[in-house]
Amino acid sequence: MGQVYTNISHELLTPLTVISASVERMYEQNPQFAQDYALINLNIDRMVHLLQEILETSKLQSGELKLLVSQGDVMEYISHTALCLEPLMAKRKIEFSVQCQPRSMMGWIDTDKLDKIIYNLISNAAKYTPEGGKVSVKVCTNKTYDSITIRVEDNGIGIGDETMKHLFQRFQDGNYRQMNTIGTGLGLALTRDLVYLHGGNINCRSEEGKGTTFSVTIPINKESFTESQIDEAHPVDLNKPQTYILDISSITPQETPSTKVEKRESADEDIYNILIVEDNIELLMLMQTLLSNKYNIFTATNGQEALKVIEETELDLVISDVMMPEMDGNELTERIKSDSNMSHLPVILLTAKNQDEEREKSMLIGADDYIIKPFKLGDLDLRIRNIIENRKRIRREFKAQTVEESRLKATSSSPSADERFLKKAIDCVYAHLADSDFDRDAFAAEMGASASTLYNKLRSITGMNVSAFIRDIRMKEAKRLALTDPDLRVSDLAYQVGFKDPKYFSTCFKKEFGLQPSEFIEQVASR
Ligand code: ADP
(Lines give C-alpha, C1' and ligand atoms only; values in the text may rest on other atoms or scores of the structure.)
Protein backbone atom coordinates (compact mmCIF):
# COMPACT_ATOMS: atom_id res chain seq x y z
CA MET A 1 0.00 0.00 0.00
CA GLY A 2 1.34 3.43 0.82
CA GLN A 3 1.91 6.48 -1.29
CA VAL A 4 2.02 4.65 -4.60
CA TYR A 5 -1.49 3.30 -4.08
CA THR A 6 -2.76 6.66 -2.94
CA ASN A 7 -1.39 8.25 -6.10
CA ILE A 8 -2.67 5.56 -8.42
CA SER A 9 -6.10 5.66 -6.84
CA HIS A 10 -6.29 9.41 -7.23
CA GLU A 11 -5.05 9.20 -10.78
CA LEU A 12 -7.82 6.72 -11.53
CA LEU A 13 -10.54 8.60 -9.71
CA THR A 14 -10.03 11.71 -11.79
CA PRO A 15 -10.69 10.16 -15.20
CA LEU A 16 -13.59 8.24 -13.69
CA THR A 17 -15.09 11.49 -12.56
CA VAL A 18 -14.67 12.90 -16.04
CA ILE A 19 -16.35 9.85 -17.55
CA SER A 20 -19.15 10.12 -15.04
CA ALA A 21 -19.76 13.78 -15.84
CA SER A 22 -19.68 13.08 -19.58
CA VAL A 23 -22.20 10.31 -19.22
CA GLU A 24 -24.46 12.65 -17.36
CA ARG A 25 -24.23 15.19 -20.18
CA MET A 26 -24.88 12.53 -22.79
CA TYR A 27 -27.89 11.38 -20.82
CA GLU A 28 -29.32 14.89 -20.88
CA GLN A 29 -28.82 15.11 -24.64
CA ASN A 30 -29.90 11.59 -25.58
CA PRO A 31 -32.13 10.23 -22.86
CA GLN A 32 -33.23 7.32 -25.05
CA PHE A 33 -30.07 5.45 -24.08
CA ALA A 34 -30.96 5.54 -20.39
CA GLN A 35 -30.31 1.84 -19.88
CA ASP A 36 -26.80 2.04 -21.27
CA TYR A 37 -26.00 5.08 -19.16
CA ALA A 38 -27.28 3.31 -16.07
CA LEU A 39 -24.95 0.41 -16.76
CA ILE A 40 -21.98 2.74 -17.27
CA ASN A 41 -22.83 4.57 -14.06
CA LEU A 42 -23.21 1.37 -12.13
CA ASN A 43 -19.73 0.32 -13.12
CA ILE A 44 -18.26 3.75 -12.47
CA ASP A 45 -19.77 3.62 -8.98
CA ARG A 46 -18.31 0.24 -8.44
CA MET A 47 -14.82 1.32 -9.46
CA VAL A 48 -15.08 4.47 -7.39
CA HIS A 49 -16.03 2.42 -4.38
CA LEU A 50 -13.17 0.00 -4.83
CA LEU A 51 -10.72 2.86 -5.25
CA GLN A 52 -12.09 4.54 -2.13
CA GLU A 53 -11.48 1.36 -0.23
CA ILE A 54 -7.89 1.28 -1.42
CA LEU A 55 -7.39 4.94 -0.53
CA GLU A 56 -8.90 4.50 2.90
CA THR A 57 -6.69 1.50 3.62
CA SER A 58 -3.67 3.40 2.45
CA LYS A 59 -4.49 6.36 4.69
CA LEU A 60 -5.06 4.11 7.66
CA GLN A 61 -1.70 2.49 7.21
CA SER A 62 0.16 5.73 7.04
CA GLY A 63 -1.67 6.94 10.14
CA GLU A 64 -3.39 9.71 8.24
CA LEU A 65 -6.86 8.52 9.09
CA LYS A 66 -8.05 10.16 12.30
CA LEU A 67 -11.18 9.67 14.36
CA LEU A 68 -13.53 12.61 14.76
CA VAL A 69 -16.55 11.87 16.93
CA SER A 70 -19.69 13.97 17.33
CA GLN A 71 -22.61 13.64 19.66
CA GLY A 72 -25.97 12.26 18.60
CA ASP A 73 -28.54 9.51 18.89
CA VAL A 74 -26.34 6.49 18.23
CA MET A 75 -29.16 3.97 17.90
CA GLU A 76 -31.17 6.13 15.61
CA TYR A 77 -28.15 6.81 13.46
CA ILE A 78 -27.22 3.14 13.13
CA SER A 79 -30.71 1.97 12.33
CA HIS A 80 -31.09 4.76 9.77
CA THR A 81 -27.79 3.81 8.13
CA ALA A 82 -28.48 0.09 8.14
CA LEU A 83 -31.91 0.64 6.62
CA CYS A 84 -30.29 2.48 3.70
CA LEU A 85 -29.22 -1.00 2.62
CA GLU A 86 -32.78 -2.24 2.54
CA PRO A 87 -33.06 -1.90 -1.28
CA LEU A 88 -29.95 -4.03 -1.71
CA MET A 89 -31.55 -6.75 0.41
CA ALA A 90 -34.88 -6.44 -1.36
CA LYS A 91 -33.19 -6.87 -4.71
CA ARG A 92 -31.65 -10.06 -3.46
CA LYS A 93 -34.91 -11.17 -1.85
CA ILE A 94 -33.26 -11.38 1.55
CA GLU A 95 -35.32 -10.92 4.69
CA PHE A 96 -33.71 -8.02 6.49
CA SER A 97 -34.30 -6.74 10.01
CA VAL A 98 -32.70 -4.07 12.16
CA GLN A 99 -33.24 -3.95 15.94
CA CYS A 100 -31.73 -1.48 18.39
CA GLN A 101 -32.03 -1.98 22.12
CA PRO A 102 -32.70 0.62 23.45
CA ARG A 103 -34.25 2.36 20.48
CA SER A 104 -32.71 5.66 21.32
CA MET A 105 -29.46 6.47 23.11
CA MET A 106 -27.09 9.42 23.01
CA GLY A 107 -23.38 8.86 22.48
CA TRP A 108 -20.26 9.90 20.57
CA ILE A 109 -19.60 8.42 17.13
CA ASP A 110 -17.55 9.07 13.98
CA THR A 111 -20.34 8.69 11.44
CA ASP A 112 -18.00 8.44 8.47
CA LYS A 113 -16.12 5.47 9.96
CA LEU A 114 -19.21 3.88 11.39
CA ASP A 115 -20.88 4.02 7.96
CA LYS A 116 -18.03 2.01 6.51
CA ILE A 117 -18.05 -0.58 9.26
CA ILE A 118 -21.80 -1.06 8.98
CA TYR A 119 -21.77 -1.05 5.22
CA ASN A 120 -18.98 -3.62 4.96
CA LEU A 121 -20.54 -6.06 7.39
CA ILE A 122 -24.05 -5.81 6.00
CA SER A 123 -23.03 -5.88 2.36
CA ASN A 124 -20.85 -8.94 3.00
CA ALA A 125 -23.80 -10.62 4.67
CA ALA A 126 -25.88 -9.81 1.58
CA LYS A 127 -23.15 -10.95 -0.82
CA TYR A 128 -22.64 -14.29 0.84
CA THR A 129 -26.26 -15.13 1.58
CA PRO A 130 -28.25 -16.77 -1.20
CA GLU A 131 -31.59 -15.40 -2.30
CA GLY A 132 -34.34 -16.04 0.17
CA GLY A 133 -31.98 -15.96 3.14
CA LYS A 134 -32.04 -13.79 6.26
CA VAL A 135 -29.83 -11.01 7.54
CA SER A 136 -30.38 -9.35 10.86
CA VAL A 137 -28.67 -6.43 12.54
CA LYS A 138 -28.92 -6.13 16.31
CA VAL A 139 -27.45 -3.29 18.29
CA CYS A 140 -27.23 -3.24 22.07
CA THR A 141 -25.32 -1.45 24.77
CA ASN A 142 -23.46 -2.56 27.89
CA LYS A 143 -24.62 -2.03 31.46
CA THR A 144 -22.77 1.23 31.84
CA TYR A 145 -23.98 2.61 28.49
CA ASP A 146 -20.45 3.44 27.41
CA SER A 147 -20.13 1.05 24.47
CA ILE A 148 -22.30 -0.51 21.81
CA THR A 149 -22.18 -3.91 20.16
CA ILE A 150 -23.36 -4.26 16.57
CA ARG A 151 -24.16 -7.81 15.60
CA VAL A 152 -24.68 -8.67 11.93
CA GLU A 153 -26.00 -12.16 11.49
CA ASP A 154 -26.75 -14.07 8.29
CA ASN A 155 -27.83 -17.60 7.41
CA GLY A 156 -25.66 -17.67 4.29
CA ILE A 157 -22.87 -19.87 3.03
CA GLY A 158 -20.67 -19.43 6.11
CA ILE A 159 -16.89 -19.27 6.21
CA GLY A 160 -14.60 -22.26 5.83
CA ASP A 161 -11.67 -22.94 8.16
CA GLU A 162 -9.07 -21.85 5.64
CA THR A 163 -10.74 -18.48 5.00
CA MET A 164 -11.35 -18.05 8.71
CA LYS A 165 -7.61 -18.33 9.46
CA HIS A 166 -6.86 -15.30 7.29
CA LEU A 167 -10.22 -13.58 7.56
CA PHE A 168 -8.99 -10.09 8.33
CA GLN A 169 -5.99 -10.24 6.04
CA ARG A 170 -5.84 -7.89 3.13
CA PHE A 171 -6.56 -9.24 -0.33
CA GLN A 172 -8.21 -12.29 1.06
CA ASP A 173 -9.45 -13.91 -2.14
CA GLY A 174 -13.19 -14.21 -1.92
CA ASN A 175 -15.60 -16.81 -3.06
CA TYR A 176 -16.81 -14.37 -5.69
CA ARG A 177 -17.69 -16.68 -8.50
CA GLN A 178 -19.85 -18.94 -6.43
CA MET A 179 -21.90 -16.00 -5.20
CA ASN A 180 -21.76 -14.07 -8.42
CA THR A 181 -20.25 -11.00 -6.86
CA ILE A 182 -17.09 -8.95 -6.78
CA GLY A 183 -14.68 -7.82 -4.11
CA THR A 184 -11.20 -6.61 -3.37
CA GLY A 185 -10.48 -8.58 -0.26
CA LEU A 186 -9.99 -5.23 1.48
CA GLY A 187 -13.37 -4.85 3.16
CA LEU A 188 -12.86 -6.83 6.35
CA ALA A 189 -9.26 -5.73 6.81
CA LEU A 190 -10.45 -2.13 6.55
CA THR A 191 -13.38 -2.80 8.89
CA ARG A 192 -11.11 -4.31 11.52
CA ASP A 193 -8.66 -1.40 11.25
CA LEU A 194 -11.52 1.09 11.64
CA VAL A 195 -12.77 -0.79 14.70
CA TYR A 196 -9.25 -0.82 16.18
CA LEU A 197 -8.97 2.89 15.48
CA HIS A 198 -11.90 3.28 17.87
CA GLY A 199 -10.12 1.09 20.43
CA GLY A 200 -12.88 -1.48 19.91
CA ASN A 201 -12.88 -5.12 18.94
CA ILE A 202 -14.38 -7.32 16.24
CA ASN A 203 -14.97 -11.03 16.09
CA CYS A 204 -16.63 -13.58 13.89
CA ARG A 205 -18.42 -16.83 14.46
CA SER A 206 -19.33 -18.90 11.47
CA GLU A 207 -20.35 -22.34 10.40
CA GLU A 208 -20.12 -23.42 6.81
CA GLY A 209 -23.51 -23.90 5.26
CA LYS A 210 -25.24 -22.41 8.31
CA GLY A 211 -24.27 -18.75 8.49
CA THR A 212 -22.05 -16.10 9.91
CA THR A 213 -22.22 -13.57 12.73
CA PHE A 214 -19.89 -10.61 13.01
CA SER A 215 -19.83 -8.63 16.27
CA VAL A 216 -18.26 -5.23 16.61
CA THR A 217 -17.94 -3.43 19.92
CA ILE A 218 -16.88 0.21 20.04
CA PRO A 219 -16.89 2.81 22.81
CA ILE A 220 -19.36 5.69 22.57
CA ASN A 221 -18.61 7.63 25.73
CA LYS A 222 -16.79 10.91 25.46
CA GLU A 223 -14.08 9.78 27.88
CA SER A 224 -12.86 7.13 25.47
CA PHE A 225 -11.67 9.77 23.00
CA THR A 226 -8.88 12.33 23.12
CA GLU A 227 -9.60 16.02 22.84
CA SER A 228 -8.47 16.22 19.23
CA GLN A 229 -10.82 13.40 18.31
CA ILE A 230 -13.89 15.21 19.62
CA ASP A 231 -15.94 17.57 17.47
CA GLU A 232 -18.17 19.59 19.82
CA ALA A 233 -19.32 21.99 17.13
CA HIS A 234 -21.14 19.61 14.78
CA PRO A 235 -23.66 17.18 16.23
CA VAL A 236 -24.53 14.01 14.32
CA ASP A 237 -26.64 14.90 11.30
CA LEU A 238 -29.12 12.24 10.27
CA ASN A 239 -29.89 14.07 7.06
CA LYS A 240 -26.31 14.13 5.83
CA PRO A 241 -26.33 12.32 2.49
CA GLN A 242 -24.76 8.95 3.03
CA THR A 243 -22.96 8.84 -0.27
CA TYR A 244 -20.79 5.92 0.70
CA ILE A 245 -23.77 3.78 1.45
CA LEU A 246 -25.96 5.01 -1.37
CA ASP A 247 -23.31 4.59 -4.05
CA ILE A 248 -22.79 1.07 -3.06
CA SER A 249 -26.36 0.03 -2.83
CA SER A 250 -26.17 -0.16 -6.58
CA ILE A 251 -23.46 -2.77 -6.42
CA THR A 252 -25.76 -5.51 -7.57
CA PRO A 253 -27.37 -5.07 -10.94
CA GLN A 254 -30.79 -3.51 -11.13
CA GLU A 255 -32.51 -6.65 -12.19
CA THR A 256 -31.54 -10.21 -12.75
CA PRO A 257 -32.56 -11.40 -16.15
CA SER A 258 -34.85 -14.36 -16.24
CA THR A 259 -33.48 -17.60 -17.56
CA LYS A 260 -35.82 -17.39 -20.39
CA VAL A 261 -36.73 -14.39 -22.43
CA GLU A 262 -40.15 -14.22 -23.89
CA LYS A 263 -40.16 -15.52 -27.38
CA ARG A 264 -40.40 -12.93 -30.06
CA GLU A 265 -43.57 -13.14 -32.03
CA SER A 266 -42.62 -13.17 -35.64
CA ALA A 267 -43.73 -14.72 -38.82
CA ASP A 268 -40.15 -14.72 -39.98
CA GLU A 269 -38.78 -18.23 -39.71
CA ASP A 270 -35.28 -16.89 -39.66
CA ILE A 271 -35.40 -15.75 -36.06
CA TYR A 272 -32.74 -17.79 -34.34
CA ASN A 273 -32.73 -18.97 -30.75
CA ILE A 274 -29.46 -18.20 -29.02
CA LEU A 275 -28.44 -19.21 -25.51
CA ILE A 276 -25.93 -16.96 -23.73
CA VAL A 277 -24.11 -18.51 -20.78
CA GLU A 278 -22.23 -15.99 -18.66
CA ASP A 279 -21.80 -15.67 -14.90
CA ASN A 280 -21.20 -11.94 -14.94
CA ILE A 281 -24.79 -10.77 -14.74
CA GLU A 282 -24.10 -7.35 -16.19
CA LEU A 283 -22.24 -8.65 -19.20
CA LEU A 284 -25.01 -11.17 -19.63
CA MET A 285 -27.62 -8.42 -19.52
CA LEU A 286 -25.63 -6.26 -21.89
CA MET A 287 -25.28 -9.04 -24.45
CA GLN A 288 -28.92 -9.90 -24.01
CA THR A 289 -30.04 -6.34 -24.55
CA LEU A 290 -27.88 -5.82 -27.60
CA LEU A 291 -28.61 -9.10 -29.30
CA SER A 292 -32.28 -9.40 -28.51
CA ASN A 293 -33.37 -7.12 -31.31
CA LYS A 294 -32.06 -9.69 -33.78
CA TYR A 295 -32.38 -13.01 -32.03
CA ASN A 296 -34.45 -14.80 -29.42
CA ILE A 297 -32.10 -14.74 -26.48
CA PHE A 298 -32.11 -17.29 -23.68
CA THR A 299 -29.75 -16.97 -20.73
CA ALA A 300 -27.99 -19.10 -18.13
CA THR A 301 -25.31 -18.27 -15.59
CA ASN A 302 -23.39 -21.53 -15.58
CA GLY A 303 -22.97 -24.76 -17.51
CA GLN A 304 -25.45 -26.71 -15.42
CA GLU A 305 -28.19 -24.17 -16.00
CA ALA A 306 -27.24 -24.06 -19.66
CA LEU A 307 -27.73 -27.81 -20.06
CA LYS A 308 -31.21 -27.46 -18.68
CA VAL A 309 -32.11 -24.72 -21.13
CA ILE A 310 -30.64 -26.76 -23.99
CA GLU A 311 -32.78 -29.69 -22.98
CA GLU A 312 -35.94 -27.62 -22.90
CA THR A 313 -35.42 -25.36 -25.89
CA GLU A 314 -34.89 -25.65 -29.60
CA LEU A 315 -31.68 -23.68 -29.92
CA ASP A 316 -29.61 -22.61 -32.87
CA LEU A 317 -26.46 -21.46 -31.12
CA VAL A 318 -24.77 -21.37 -27.72
CA ILE A 319 -22.44 -18.56 -26.67
CA SER A 320 -20.61 -19.39 -23.47
CA ASP A 321 -18.07 -17.83 -21.15
CA VAL A 322 -15.22 -20.18 -20.23
CA MET A 323 -14.66 -19.33 -16.57
CA MET A 324 -17.86 -20.02 -14.65
CA PRO A 325 -18.91 -21.65 -11.40
CA GLU A 326 -20.59 -25.09 -11.26
CA MET A 327 -19.65 -26.10 -14.78
CA ASP A 328 -17.27 -24.07 -16.91
CA GLY A 329 -17.56 -23.34 -20.62
CA ASN A 330 -15.02 -25.96 -21.68
CA GLU A 331 -16.85 -28.70 -19.86
CA LEU A 332 -20.16 -27.47 -21.22
CA THR A 333 -18.77 -27.58 -24.78
CA GLU A 334 -17.42 -31.07 -24.23
CA ARG A 335 -20.78 -32.22 -22.93
CA ILE A 336 -22.60 -30.67 -25.89
CA LYS A 337 -20.24 -32.03 -28.49
CA SER A 338 -20.03 -35.55 -27.11
CA ASP A 339 -23.76 -36.04 -26.71
CA SER A 340 -25.51 -36.91 -29.95
CA ASN A 341 -28.63 -35.16 -28.67
CA MET A 342 -26.84 -31.85 -28.70
CA SER A 343 -23.74 -32.18 -30.86
CA HIS A 344 -25.36 -30.31 -33.75
CA LEU A 345 -25.46 -27.11 -31.68
CA PRO A 346 -22.74 -24.65 -32.64
CA VAL A 347 -20.81 -23.18 -29.69
CA ILE A 348 -18.93 -19.89 -29.48
CA LEU A 349 -16.65 -19.64 -26.44
CA LEU A 350 -15.75 -16.36 -24.78
CA THR A 351 -12.21 -16.82 -23.49
CA ALA A 352 -10.35 -14.39 -21.30
CA LYS A 353 -6.89 -15.32 -22.41
CA ASN A 354 -5.31 -14.35 -25.64
CA GLN A 355 -3.14 -17.40 -25.70
CA ASP A 356 -2.69 -19.84 -28.50
CA GLU A 357 -2.91 -22.68 -26.03
CA GLU A 358 -6.32 -21.59 -24.80
CA ARG A 359 -7.50 -21.11 -28.33
CA GLU A 360 -6.29 -24.55 -29.35
CA LYS A 361 -7.98 -26.07 -26.33
CA SER A 362 -11.32 -24.46 -27.21
CA MET A 363 -11.12 -25.81 -30.73
CA LEU A 364 -9.96 -29.24 -29.61
CA ILE A 365 -12.95 -29.74 -27.38
CA GLY A 366 -15.13 -28.88 -30.33
CA ALA A 367 -16.04 -25.20 -30.00
CA ASP A 368 -17.04 -23.85 -33.39
CA ASP A 369 -15.51 -20.46 -32.71
CA TYR A 370 -14.09 -18.42 -29.87
CA ILE A 371 -13.78 -14.77 -29.08
CA ILE A 372 -11.35 -13.10 -26.72
CA LYS A 373 -12.48 -10.89 -23.83
CA PRO A 374 -12.78 -7.97 -23.71
CA PHE A 375 -14.52 -8.00 -27.06
CA LYS A 376 -16.57 -5.55 -29.04
CA LEU A 377 -20.19 -6.58 -29.34
CA GLY A 378 -19.94 -5.92 -33.05
CA ASP A 379 -17.31 -8.67 -33.27
CA LEU A 380 -19.53 -11.09 -31.44
CA ASP A 381 -22.42 -10.28 -33.72
CA LEU A 382 -20.17 -10.91 -36.71
CA ARG A 383 -19.21 -14.37 -35.41
CA ILE A 384 -22.85 -15.18 -34.76
CA ARG A 385 -23.79 -14.14 -38.25
CA ASN A 386 -20.93 -16.18 -39.72
CA ILE A 387 -22.09 -19.31 -37.98
CA ILE A 388 -25.71 -18.70 -38.83
CA GLU A 389 -24.93 -17.86 -42.46
CA ASN A 390 -22.95 -21.05 -42.65
CA ARG A 391 -25.91 -23.05 -41.37
CA LYS A 392 -28.20 -21.30 -43.82
CA ARG A 393 -25.83 -22.13 -46.67
CA ILE A 394 -25.78 -25.80 -45.69
CA ARG A 395 -29.59 -25.81 -45.54
CA ARG A 396 -29.86 -24.14 -48.95
CA GLU A 397 -27.37 -26.57 -50.41
CA PHE A 398 -29.22 -29.51 -48.99
CA LYS A 399 -32.46 -28.27 -50.45
CA ALA A 400 -30.88 -27.89 -53.88
CA GLN A 401 -29.01 -31.18 -53.81
CA THR A 402 -30.33 -34.42 -55.16
CA VAL A 403 -30.42 -37.32 -52.74
CA GLU A 404 -27.35 -38.75 -54.42
CA GLU A 405 -25.38 -35.54 -54.03
CA SER A 406 -26.17 -35.29 -50.33
CA ARG A 407 -25.06 -38.87 -49.82
CA LEU A 408 -21.86 -38.31 -51.77
CA LYS A 409 -20.99 -35.36 -49.62
CA ALA A 410 -20.93 -37.52 -46.54
CA THR A 411 -18.55 -39.97 -48.16
CA SER A 412 -15.99 -37.21 -48.88
CA SER A 413 -12.58 -37.55 -47.28
CA SER A 414 -13.51 -36.02 -43.93
CA PRO A 415 -17.23 -35.72 -43.46
CA SER A 416 -18.32 -33.75 -40.43
CA ALA A 417 -20.42 -35.39 -37.72
CA ASP A 418 -23.42 -33.57 -39.14
CA GLU A 419 -22.75 -34.82 -42.66
CA ARG A 420 -22.43 -38.38 -41.40
CA PHE A 421 -25.67 -38.05 -39.50
CA LEU A 422 -27.38 -36.65 -42.56
CA LYS A 423 -26.20 -39.50 -44.75
CA LYS A 424 -27.46 -42.03 -42.25
CA ALA A 425 -30.83 -40.26 -42.16
CA ILE A 426 -31.10 -40.14 -45.95
CA ASP A 427 -30.14 -43.81 -46.26
CA CYS A 428 -32.70 -44.67 -43.69
CA VAL A 429 -35.56 -42.89 -45.48
CA TYR A 430 -34.32 -44.24 -48.77
CA ALA A 431 -34.50 -47.80 -47.51
CA HIS A 432 -38.18 -47.26 -46.68
CA LEU A 433 -39.08 -45.19 -49.68
CA ALA A 434 -42.06 -47.22 -50.81
CA ASP A 435 -43.29 -47.81 -47.29
CA SER A 436 -46.11 -45.32 -46.70
CA ASP A 437 -46.28 -46.32 -43.03
CA PHE A 438 -42.74 -45.17 -42.47
CA ASP A 439 -43.27 -42.23 -40.14
CA ARG A 440 -41.46 -40.14 -37.56
CA ASP A 441 -41.46 -42.79 -34.87
CA ALA A 442 -40.29 -45.57 -37.17
CA PHE A 443 -37.62 -43.24 -38.48
CA ALA A 444 -36.34 -42.33 -34.99
CA ALA A 445 -36.32 -45.98 -33.94
CA GLU A 446 -34.33 -46.96 -37.01
CA MET A 447 -31.85 -44.14 -36.37
CA GLY A 448 -31.42 -45.29 -32.78
CA ALA A 449 -32.32 -41.78 -31.60
CA SER A 450 -35.16 -40.30 -29.61
CA ALA A 451 -37.86 -38.51 -31.56
CA SER A 452 -36.73 -35.18 -30.13
CA THR A 453 -33.06 -35.73 -30.96
CA LEU A 454 -33.95 -36.62 -34.51
CA TYR A 455 -36.17 -33.58 -34.75
CA ASN A 456 -33.57 -31.21 -33.30
CA LYS A 457 -30.74 -32.47 -35.44
CA LEU A 458 -32.66 -32.51 -38.69
CA ARG A 459 -34.01 -29.06 -37.98
CA SER A 460 -30.56 -27.76 -37.21
CA ILE A 461 -28.84 -29.30 -40.24
CA THR A 462 -31.54 -29.07 -42.89
CA GLY A 463 -33.96 -26.54 -41.43
CA MET A 464 -36.75 -29.10 -41.84
CA ASN A 465 -38.84 -31.00 -39.37
CA VAL A 466 -38.92 -34.78 -39.58
CA SER A 467 -42.01 -35.12 -41.77
CA ALA A 468 -40.78 -32.41 -44.12
CA PHE A 469 -37.43 -34.18 -44.35
CA ILE A 470 -39.03 -37.50 -45.24
CA ARG A 471 -41.23 -35.76 -47.77
CA ASP A 472 -38.24 -33.91 -49.22
CA ILE A 473 -36.39 -37.17 -49.90
CA ARG A 474 -39.54 -38.71 -51.37
CA MET A 475 -40.09 -35.74 -53.66
CA LYS A 476 -36.50 -35.62 -54.81
CA GLU A 477 -36.64 -39.31 -55.59
CA ALA A 478 -39.97 -38.91 -57.42
CA LYS A 479 -38.40 -36.24 -59.60
CA ARG A 480 -35.42 -38.48 -60.33
CA LEU A 481 -37.66 -41.42 -61.23
CA ALA A 482 -39.80 -39.24 -63.50
CA LEU A 483 -36.69 -38.01 -65.25
CA THR A 484 -35.32 -41.51 -65.85
CA ASP A 485 -38.63 -43.15 -66.80
CA PRO A 486 -41.15 -40.77 -68.41
CA ASP A 487 -43.49 -43.70 -69.12
CA LEU A 488 -44.28 -44.12 -65.43
CA ARG A 489 -47.88 -43.52 -64.40
CA VAL A 490 -48.37 -40.85 -61.79
CA SER A 491 -50.03 -43.32 -59.44
CA ASP A 492 -47.11 -45.75 -59.74
CA LEU A 493 -44.73 -42.92 -59.13
CA ALA A 494 -46.70 -42.01 -56.02
CA TYR A 495 -46.65 -45.59 -54.68
CA GLN A 496 -42.94 -45.98 -55.37
CA VAL A 497 -42.10 -43.05 -53.16
CA GLY A 498 -44.45 -44.05 -50.38
CA PHE A 499 -47.63 -42.07 -51.10
CA LYS A 500 -50.88 -44.00 -50.71
CA ASP A 501 -52.94 -41.29 -52.31
CA PRO A 502 -51.82 -40.16 -55.81
CA LYS A 503 -53.92 -36.98 -55.50
CA TYR A 504 -52.15 -35.91 -52.34
CA PHE A 505 -48.87 -36.84 -54.01
CA SER A 506 -49.71 -34.52 -56.91
CA THR A 507 -50.48 -31.67 -54.54
CA CYS A 508 -47.15 -32.10 -52.74
CA PHE A 509 -45.29 -32.41 -56.01
CA LYS A 510 -46.80 -29.22 -57.36
CA LYS A 511 -45.99 -27.38 -54.16
CA GLU A 512 -42.40 -28.52 -54.39
CA PHE A 513 -41.67 -28.13 -58.08
CA GLY A 514 -44.41 -25.81 -59.33
CA LEU A 515 -45.85 -28.38 -61.72
CA GLN A 516 -48.27 -31.30 -61.47
CA PRO A 517 -46.37 -34.61 -61.85
CA SER A 518 -48.31 -35.28 -65.06
CA GLU A 519 -47.19 -31.93 -66.49
CA PHE A 520 -43.64 -32.60 -65.41
CA ILE A 521 -43.61 -36.04 -67.04
CA GLU A 522 -45.04 -34.54 -70.21
CA GLN A 523 -42.29 -31.92 -70.26
CA VAL A 524 -39.61 -34.57 -69.80
CA ALA A 525 -41.10 -36.79 -72.50
CA SER A 526 -41.26 -33.93 -75.00
CA ARG A 527 -37.58 -33.04 -74.56
P1 ADP B 1 -14.41 -9.07 -0.06
O2 ADP B 1 -14.17 -7.81 -0.74
O3 ADP B 1 -13.87 -10.26 -0.71
O4 ADP B 1 -15.78 -9.22 0.41
P5 ADP B 1 -13.78 -8.93 2.67
O6 ADP B 1 -12.49 -8.59 3.30
O7 ADP B 1 -14.96 -8.09 2.91
O8 ADP B 1 -13.44 -8.95 1.17
O9 ADP B 1 -14.15 -10.43 3.02
C10 ADP B 1 -13.14 -11.43 3.04
C11 ADP B 1 -13.74 -12.79 2.83
O12 ADP B 1 -14.45 -13.20 3.98
C13 ADP B 1 -14.76 -12.83 1.73
O14 ADP B 1 -14.14 -13.01 0.50
C15 ADP B 1 -15.60 -14.03 2.12
O16 ADP B 1 -15.00 -15.23 1.71
C17 ADP B 1 -15.56 -14.00 3.62
N18 ADP B 1 -16.77 -13.39 4.20
C19 ADP B 1 -16.91 -12.15 4.70
N20 ADP B 1 -18.15 -11.96 5.19
C21 ADP B 1 -18.81 -13.11 5.02
C22 ADP B 1 -20.14 -13.56 5.33
N23 ADP B 1 -21.04 -12.77 5.95
N24 ADP B 1 -20.47 -14.82 4.99
C25 ADP B 1 -19.58 -15.63 4.38
N26 ADP B 1 -18.33 -15.26 4.06
C27 ADP B 1 -17.93 -14.02 4.38
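Lys479, Ala482 and Leu483 of helix α19 meet Phe520, Ile521 and Val524 of α22, where contact means heavy atoms within 4.5 Å. The model is predicted: local features need pLDDT of at least 70, side-chain atom pairs count only at pLDDT 80 or more, and totals for chains, interfaces and linings use all residues. Residues are numbered from 1 along each chain as its sequence is written, and side-chain values use heavy atoms, with hydrogens and water left out. The chain has 22 helices and 12 strands; helices (H or I, at least four residues) and strands (E, at least two) are DSSP runs numbered from the N terminus.

**Helix packing**

- Two packed helices are described by the angle between their axes and the distance between the axes.
- Helix α19 packs against helix α22 (residues 517-525) at an angle of about 35°, and their axes are 9 Å apart; axes are lines fitted to C-alpha atoms, for helices over the stretch in contact, and angles run from 0 to 180 degrees between N-to-C directions.
- The crossing of α19 past α22 is right-handed, a term for a near helix turned clockwise from the far one by less than a right angle, with anticlockwise being left-handed.
- Helix α11 (residues 303-312) and helix α12 (residues 329-338) have axes that come within 9 Å and cross at roughly 30°.
- Helices α11 and α12 are therefore roughly parallel to each other, the class for angles under 35 degrees, while those over 145 count as roughly antiparallel, 65 to 115 as roughly perpendicular and the rest as oblique.
- The α11 side of this contact consists of Gly303, Ala306, Leu307 and Ile310, and the α12 side of Leu332, Arg335 and Ile336.
- Helix α11 passes α12 in a right-handed crossing.

**Aromatic rings**

- There are 9 aromatic pairs in the structure; rings of Phe, Tyr and Trp (its six-membered ring) pair if their centres lie within 6.5 Å, and planes under 30 degrees apart count as stacked, over 60 as edge-to-face and the rest as tilted.
- One of the pairs joins phenylalanine 438 and phenylalanine 443, which are tilted, at 5.6 Å centre to centre and 45° between the planes.
- Phenylalanine 438 has a relative accessible area of 5% and is buried; buried means under 20% relative accessible area, exposed over 50%, and partly exposed in between (1.4 Å probe, protein chains only).
- Phenylalanine 443 is also buried, at 0% relative accessible area.
- A cluster of Phe499, Tyr504, Phe505, Phe509, Phe513 and Phe520 is linked by ring pairs.
- Over the ring of phenylalanine 421 sits the charged end of lysine 457, 5.3 Å from the ring centre; this requires NZ of Lys or CZ of Arg within 6 Å of the ring centre and within 35 degrees of the ring normal.

**Glutamates in helices**

- Glutamate 477 lies in helix α19 (residues 466-484) and is buried, at 4% relative accessibility.
- Not counting residues up to four places away in sequence, glutamate 477 touches Tyr430, Leu433 and Val497.
- Glutamate 56 belongs to helix α2 (residues 34-61) and is buried at 8% relative accessibility.
- Leu65, Asp112, Lys116 and Leu190 are touched by glutamate 56, not counting residues up to four places away in sequence.
- Between the C-alpha atoms of glutamate 56 and leucine 194, 138 residues apart along the chain, the separation is 9.7 Å.
- Glutamate 512, in helix α21 (residues 502-513), is partly exposed, with a relative accessible area of 35%.
- Glutamate 512 touches Lys399, Asp472 and Met475, not counting residues up to four places away in sequence.

**Backbone geometry in loops**

- Most residues other than glycine have a negative phi, and most peptide bonds are trans.
- From glutamine 101 to proline 102 the peptide bond is cis, with omega near 0°, and proline 102 lies in the loop between β2 (95-101) and β3 (106-109).
- Lysine 93 has a positive phi, near 55°; this residue is in the loop between α4 (86-91) and β2 and is exposed, at 55% relative accessible area.
- Glutamate 326, not a glycine, has a positive phi of about 65°.
- The loop between β10 (317-321) and α12 holds glutamate 326, which is exposed at 66% relative accessibility.

**Whole chain**

- Of the 527 residues in the chain, 48% are buried.
- Among contacts in the chain with a separation of 6 or more, 69% are between residues 24 or more positions apart.
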